[in-house]
Amino acid sequence: MKNILLGLLICLGQISFGQESFLTDHFPFPIGASLNPRLLAENESYEYRAKTEFNSVTAENHMKMMMVHPEANRFDFNKGDEIVKFAQATQKRIHGHTLVWHNQVPKWMTEFSGDAQAWENMLKNHIQEVAKHFKGQVTGWDVVNEAFLDDGTLRPSIWSKNIPDYIAKSFQWAHEADPNAILFYNDYGQDGKPKKMQAILNLVKELQARQIPIHGLGLQMHINIHSKNEELASVIHQSQATGLAIHFSELDIAVNPKNDSTFVYTESAQEAQKNKYEFIFQSYQSIPKKQQYGITFWNVGDKDSWLRGYFKRPKEYPLLFDESYRRKPLYSSLLNLSKNEK
Ligand code: XIL
């Protein structure tokens, strides 16, 4: 009986969604989420939110090196293509993530041996095969992800070790393969880390001076309720001043960043989170319209957040939708912010 009633309520809810307001109807820039094809196939509530609440899509994992290029002579685009198919069937923009990263690299790449030319050929081939495969489907690419450490030095990785000037080359290769794609440098945690921020700004200046195609900056925005507004504002301001497209590319706002096992998601934690989300959306609205590539949430609901899965933080509630994929109260606050926008 309880189940029948619950089913009825869900149905009614879905029917009335027709008149409901959506963030995507009210903000003039794309609003996206990173998606997982398994959850799309297995979880109806997840799929429903993915379908109705967003107009942009990023593959959470399935366009990364490890997934699309499992062996030196074999690409596997099946799962990435599933995401593309879903996005196309539901008229969403697709953002490509990511061509070069130090993480989620297949074993054969980490074990690769050869001289600088062989390394270059290997990376160029990867970038160009992937970019060509998704050409005309993705609007943009995170070409290089997380290349700098907090102190602003280049992150040690197989790429920085084996390929001199790999960042510039990667942008050039991606551009050759898909000349229409908007090419991003993507990174996290620039707030409170002025050296990291400066390294990114220096990279932009250098690439522009060398006429290497870079078109956008991805600010991941994995932040928390204690992140400082002044520091975030400064990062946003400095990024925007480059004149490049700005993507808040992986937004989530953690409420329990220290993973306290006794944490309770109280009203005051929800209020602090709401305030931080409002601040982020307001800051994004202040970016000149022609630079607004969009805001992408990292995952759909708290249940599928990577903070729970990857970081094993069960008491984390970073997103707009709760464990049952219901909108949280903070959703309406963001809707209110959007008034007069579109
Ligand atoms: C994360 C995914 O969410 C996890 O499922 C995966 O196990 C590890 O990667 N910065 C990025 C994303 O650029 O690709 C990461 O995604 C989160 C941090």
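Helix 8 passes helix 10 in a right-handed crossing, meaning the near helix is turned clockwise from the far one by less than a right angle. This is a predicted model, where local features need pLDDT of at least 70, side-chain atom pairs count only at pLDDT 80 or more, and totals for chains, interfaces and linings use all residues. Residues are numbered from 1 along each chain as its sequence is written, and side-chain values use heavy atoms, leaving out hydrogens and water.

Let's stay with that pair. Helix 8 (residues 116-133) and helix 10 (residues 166-177) pack at about 40 degrees, their axes 8 Å apart. That makes helix 8 oblique to helix 10 (angles under 35 degrees count as roughly parallel, over 145 as roughly antiparallel, 65 to 115 as roughly perpendicular and the rest as oblique). In the contact (heavy atoms within 4.5 Å), the helix 8 side includes Leu123 and Ile127, and the helix 10 side includes Trp173 and Ala174.

Now for the other helix pair. Helix 11 (residues 194-209) and helix 12 (residues 229-240) pack at about 10 degrees, with axes 11 Å apart, so they are roughly parallel to each other. Here Met197, Gln198 and Leu201 of helix 11 meet Val235, Gln238 and Ser239 of helix 12.

On to the strands. Strand 4 (residues 140-145) is mostly covered, with six of its six residues buried (under 20% relative accessible area, with a 1.4 Å probe and protein chains only). Strand 3 (residues 93-100) pairs with strand 4 in the parallel sense over four bridges (pairing takes at least two DSSP bridges), and valine 100 stands opposite valine 144 of strand 4. Strand 4 also runs parallel to strand 5 (residues 182-187), joined by five bridges; there, tryptophan 141 has leucine 183 of strand 5 as its bridge partner.

Definitions and conventions: Buried means under 20% relative accessible area, exposed over 50%, partly exposed in between (1.4 Å probe, protein chains only). Helices (H or I, at least four residues) and strands (E, at least two) are DSSP runs, numbered from the N terminus. Axes are lines fitted to C-alpha atoms, for helices over the stretch in contact, and angles run from 0 to 180 degrees between N-to-C directions.
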